[in-house]
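The entries follow the order in which I looked things up.

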Amino acid sequence: MSDFEMRNVCKSFPGVKALDNANFNADRGDIVALLGENGAGKSTLIKTLCGEYKPDSGEIYFEGKKLNITSTKNAIEQKICAVYQELSLVPELTIAENLFLGFYETNAVRRVNYKDLEKKTIELFKKYDLEPMDPKTKVKTLSLSQKQVLEILKALNRDGDIIIFDEATSALSEKNAKWLMDIIRRLSKEQKVIIFISHRLDEIRSLCNRVIVYRAGTDVADLKMEEADADQLVALMLGREIGGYYPKKERFTQENKVVVSMKDVNCGHSLRNINLDIRAGEILGVGGLAGQGQSELFKCLFGLMPYKGEIKINGEVVKLNSTSKAMEKKIALIPEERGIQGIVLKQSVRENIVLPCLNKVCSGLFLSKSKEAEVVERGMKALSIKAESPETLTGTLSGGNQQKVVLAKEIATEPDIVLMYDITRGVDVGTKKEMFNITKQFAKEGKAILFYSTDTEELVNVCNSIVIMNNGRITGRLDEELISRENIIRVSVGEQAV
């Protein structure tokens with residue numbers, strides 16, 4: 001018997017059997033990868049373990065004792081904690097308040113000692129080898145990468161014996177991803193049970209000693225890491241072989257048709273003297289170390305940031321001072337935080353897809369049900385969205401299917417310019433392949449595409465050219481034969497491409 005076991009766990013939702021006699025086991029000190037495509041049951045298993053869902057049947061044991069997990073707080077009290085893919089931070093609270101949320105220590109008159117809270121926050125940063133941030137800073141002012149670091153610290157602060165990392169590296173910079181993997185190895189030496197969920201097979205190979213694969217709500221393989229090669233794992237996840245993970249690179253760039261032109265564009269200290277052209281049919285990548293202005297560049301082009309300088313769309317000078325103006329100019333943005341910026345989780349798939357294009361599905365003053373159904377059906381079919389029906393609440397879908405809804409929503413606007421910000425973050429290999437093919441199809445149709453990814457392999461294999469950003473500036477450009485991971489890193493740190 002392993003130190004930790006989940007046995008024959010079942011969980012159903014209306015119309016969906018999310019877990020079907022699912023099993024998982026690990027010993028103290030193990031780092032076990034939990035693999036599976038989106039919708040395979042991984043998230044449901046984790047949420048069951050963490051007390052968010054009550055299983056229909058099945059048992060959970062730790063060190064021979066049967067656990068009865070009644071709530072998320074009860075799970076934490078039983079030394080089970082998780083870093084979730086979707087952030088659970090409260091934007092209006094400070095760093096210190098978020099890190100200790102739900103576990104504040106109070107004095108005799110039930111008041112929180114905020115000075116003590118802030119002191120403990122700084123100590124927590126030091127304990128895990130991080131440069132401290134001001135504990136009084138509100139979380140809403142932080143970057144996505146900084147928020148992800150806080151999400152990790154929040155879980156580590158619970159001092160669990162079973163710790164789940166659900167796509168915890170997906171929003172991190174390379175430096176912070178390396179930091180996290182070092183922390184996980186440290187936790188393993190402290191005899192914690194680590195469950196590691198990631199769609200980045202290179203991370204799994206370097207970190208985990210075992211891998212358990214899920215498909216259709218149950219476990220289909222339990223392998224030692226050295227026994228599993230990448231093709232075998234992908235085939236197990238999908239139930240079929242997958243060929244050509246990245247589509248064959250082709251060039252559809254129309255050199256004489258500049259769709260977007262930026263001249264001396266500045267946004268405070270975030271963007272400095274940006275000069276950039278994007279042509280029809282071009283997939284232009286944006287690289288560089290995280291936090292160098294990439295997010296601000298995308299926001300600027302979608303009317304979310306005030307700027308100085310000149311932006312032209314198809315040769316016409318425009319002032320992109322609002323998102324409605326950007327959409328009017330046929331610009332679509334797939335944003336970095338899908339659950340906050342991309343979709344409304346409490347609305348249905350149908351409502352989300354038609355949200356940005358209501359003008360296309362109306363006849364006069366009234367909504368045309370037939371037009372709406374046509375747009376929704378086209379979007380769901382084009383992206384193979386797995387949902388019981390268009391009325392399924394988007395928040396109940398897997399992360400990958402939520403991201404597909406974001407894409408379907410933007411495709412429905414029929415854009416000419418597509419801003420793709422880390423679109424494959426936290427999605428499985430099969431879904432990634434679909435998204436790469438869609439990106440290529442956009443280029444073939446003559447759309448101008450700006451493509452950012454935290455995974456440099458994606459930039460190398462998807463983009464025609466790549467601009468590198470550093471400190472809010474474009475400091476280099478890689479074309480054709482110069483495109484490589486090594487050159488992206490070289491230019492990012494101020495060296496010349498070779």
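Predicted model: local features only at pLDDT ≥ 70, side-chain atom pairs only at ≥ 80, totals over all residues.

**Entry 1: β11 and β14.** I looked up the pairing of strand β11, residues 258-267, with strand β14, residues 308-313. I found the two to be antiparallel, with 5 bridges between them. Within this pair, I noted V260 opposite I313 of β14.

**Entry 2: β14 and β15.** I then followed β14 to strand β15, residues 316-318, and found an antiparallel pairing over 3 bridges. I recorded I311 and V318, the latter in β15, as bridge partners. I also checked the connection: β14 and β15 make a hairpin with 2 residues between them. In that turn, N314 has a positive phi of about 50°.

**Entry 3: the open sheet.** Which order do the strands of the open sheet take? I read β16-β19-β20-β13-β21-β22, which is 6 strands with mixed pairing. At the edges I placed β16 (331-334) and β22 (473-479), each of which pairs on one side only. I noted that neighbouring strands of this sheet are turned against each other by 20° on average, direction ignored.

**Entry 4: β13 and β21.** Inside this sheet, I examined strand β13 (residues 283-287) and strand β21 (residues 465-470), which pair in the parallel sense over 4 bridges. Here I listed S465 in β21 as the bridge partner of L284.

**Entry 5: helix α15.** Finally, I asked which strands helix α15 (residues 429-444) lies across. I found β13, β19 (417-421) and β20 (448-452). Relative to β20, helix α15 runs at about 150°.

Note on methods. Residues numbered from 1 in each chain as written. Heavy atoms only, no water. Pairing = 2+ DSSP bridges. Axes fitted to C-alpha atoms, helices over the stretch in contact; angles between N-to-C directions. Contact = heavy atoms within 4.5 Å.
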